Amino acid sequence: MTATVLPADGPRLVEELVPSGLFVGGEWLRAGGAGAAIPVHDPGTGELLGTADEATAGDVDAAVGAARAAWPGWRDRGGAERAVLLAALADQVEARAADLALVETLDNGKPYAVALGHDVANAVATLRRFADLAALDAPDEVEAVIPRRTSPRVRVDRVPLGVVAGLVPWNAPLMTAVWKLAPALAFGNTVVLKPAEQTPLTTLLLARLVQEVGVPAGVVSVLPGRGPTTGALLAGHPGVDKISFTGSTEIGHEILAGSARDFRRVGLELGGKSASLLFSDAVRANAKRAVSTAMWAVFANSGQVCSAGSRLLVERSVYDEVIGLLVSMAGSVRLDHGLADGVQMGPLISAEQRARVHAFVTDPATPRPVVGGVPVERPGWFYPPTIVEVADRDAPIWVEEVFGPVLCIAPFDDVEEAVAVANDSRYGLAAGVITDDEQRAARVAAGLQVGTVWVNTHNQYDPAVPWGGMKASGLGRELGSARAAYTEEKVTWFA
């Protein structure tokens, strides 16, 4: 695919592959009212790929209304019937994997191989996982423990919540859209997806596939739009029963506060400032492997990952060696358009995001980078792998989520210090431990206040494994069984 497709083909390919408008009630509609066109750019060139409609208040009403009307029929189909459609959608996504990956690369900037082998593959696996769980969904039988003259039978059903609003981020738009869509549908809910304004294209293409496999009208709608307008309207809509949001902690605060008015259910997967703890034994055993693991923990997806290992803590005895290897390896990373042969790291999502990243690097509290730190002068929004030695633990670059290819590094002297420094953050999404000592790895992992710990790897996700954070990194979990996240318990007693 990438050998025959050039970035210049982007606008034509998007026009051919991606539906225009909004997907509401099983139909493709144009935005109503004063909805404005949203420009969609290729981050690797800065060129315009096309425009997306911006859903207005009337469009949000229509989508939520269609979802509400479709809900009883979808709920009452039963898990086995829902499973058939989810499995069919998985097959269709797999069949169109090359197109989805191409559109994701053009829209988001990530390397095509990553879009295909990671994001699309994960979406297929997630749909199949929840098709299987939908087919198995059944009430639980509970035996009462208090002695009675009769022995009642108690059934606990998991009933769907209703209409789910899925607010999707721009860093992994297809994968995270499916993370919200698949479990919600599996357990009998209907869904309105709002893709990020920067990256609406693969979610719109996904909607076409939903339509092709025969998911009933209204069960899934897709509303492109900006966060402060369409996103806020959808999150605050009285017809929505649950909000599933992935994005910044600041917006998560706003959504949570708004949900308190009517006790609306929320799932929040928010920011992170993840630490990687690199021990000397791993460096002595295989320095390049250990340092590569630490480096790609933050440079994968150009650092635009909520779980990026952006704080690297290195045992002092190997600190200088690690710095030297990092500088050498970071300097050889192939930075290019996502469709280029051999590309390892693509651009940032926008000019605004690149400016934000650079502002952290040039902040007066930030030491001079040992490598990188200068925006790349070429078309598109590229920023090089950047490494900063940080002694001041109050410096914004150490404390705040940068969301770019910037690695902060500092030494530690013992395990207790490393764990304390790693935990000294308002975030608690993930962490990495790099060591050849399994007992040490288990001991350190137990002490880290995060939702996920990776040992000798990073940024691994699987639909069977729960995903989410502690502290300011969110509420609830994506994936795993997800049954509790998209249903309520309802108890029936039989005498």
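Let's start inside: the lining of the largest cavity has seven nonpolar, five polar and two charged residues. For these classes, Ala, Val, Leu, Ile, Met, Phe, Trp, Tyr, Cys and Pro count as nonpolar, Asp, Glu, Lys and Arg as charged, and the others, Gly among them, as polar. Keep in mind that this is a predicted model, where local features need pLDDT of at least 70 and side-chain atom pairs count only at pLDDT 80 or more, while totals for chains, interfaces and linings use all residues. Residues are numbered from 1 along each chain as its sequence is written, and side-chain values use heavy atoms, with hydrogens and water left out.

So what is a cavity here? On a 1 Å grid over the protein atoms alone, it is a set of points where a 1.4 Å probe fits but cannot get out, whereas a pocket is an open set with protein on both sides within 12 Å along at least five of seven lines; lining residues have an atom within 4 Å of a point. Grid points are joined across faces, edges and corners, and a volume is the space filled by probe spheres set on the points. The whole structure has two cavities of 30 Å³ or more. The largest has a volume of about 80 Å³, and of its 14 lining residues, Gly303, Ala308, Ser310, Glu401 and Phe403 are the closest to its centre.

Phe403 turns up again in one of the aromatic pairs. The structure holds eight of these, counted when rings of Phe, Tyr and Trp (its six-membered ring) have centres within 6.5 Å, with planes under 30 degrees apart called stacked, over 60 edge-to-face and the rest tilted. Trp170 and Phe403 pair edge-to-face, at 5.4 Å centre to centre and 85° between the planes. The two are 233 residues apart: Trp170 is in the loop between strand 7 (163-167) and helix 6, and Phe403 in the loop between helix 13 (396-399) and strand 15 (406-412). Helices (H or I, at least four residues) and strands (E, at least two) are DSSP runs, numbered from the N terminus.

Now follow helix 6 (residues 173-186) to its neighbours. Its axis and that of helix 5 (residues 112-136) come within 9 Å and cross at roughly 5°. Axes are lines fitted to C-alpha atoms, for helices over the stretch in contact, and angles run from 0 to 180 degrees between N-to-C directions. That makes helix 5 roughly parallel to helix 6; angles under 35 degrees count as roughly parallel, over 145 as roughly antiparallel, 65 to 115 as roughly perpendicular and the rest as oblique. Residues in contact (heavy atoms within 4.5 Å) include His118 and Phe130 of helix 5 and Trp179 of helix 6. By class, this contact has 12 nonpolar, three polar and one charged.

Helix 3 (residues 79-95) also packs on helix 6, at an angle of about 160° with the axes 9 Å apart, which makes helix 3 roughly antiparallel to helix 6. Here Arg82, Leu86 and Leu89 of helix 3 meet Leu181, Ala182, Leu185 and Ala186 of helix 6.

Helix 5, helix 6 and helix 10 (280-299) each give two or more residues to its lining. The largest pocket has a volume of about 1,200 Å³. Of its 46 lining residues, Phe245, Thr246, Gly247, Ser248 and Ile251 are the closest to its centre, and helix 9 supplies the largest share of the lining, seven residues.
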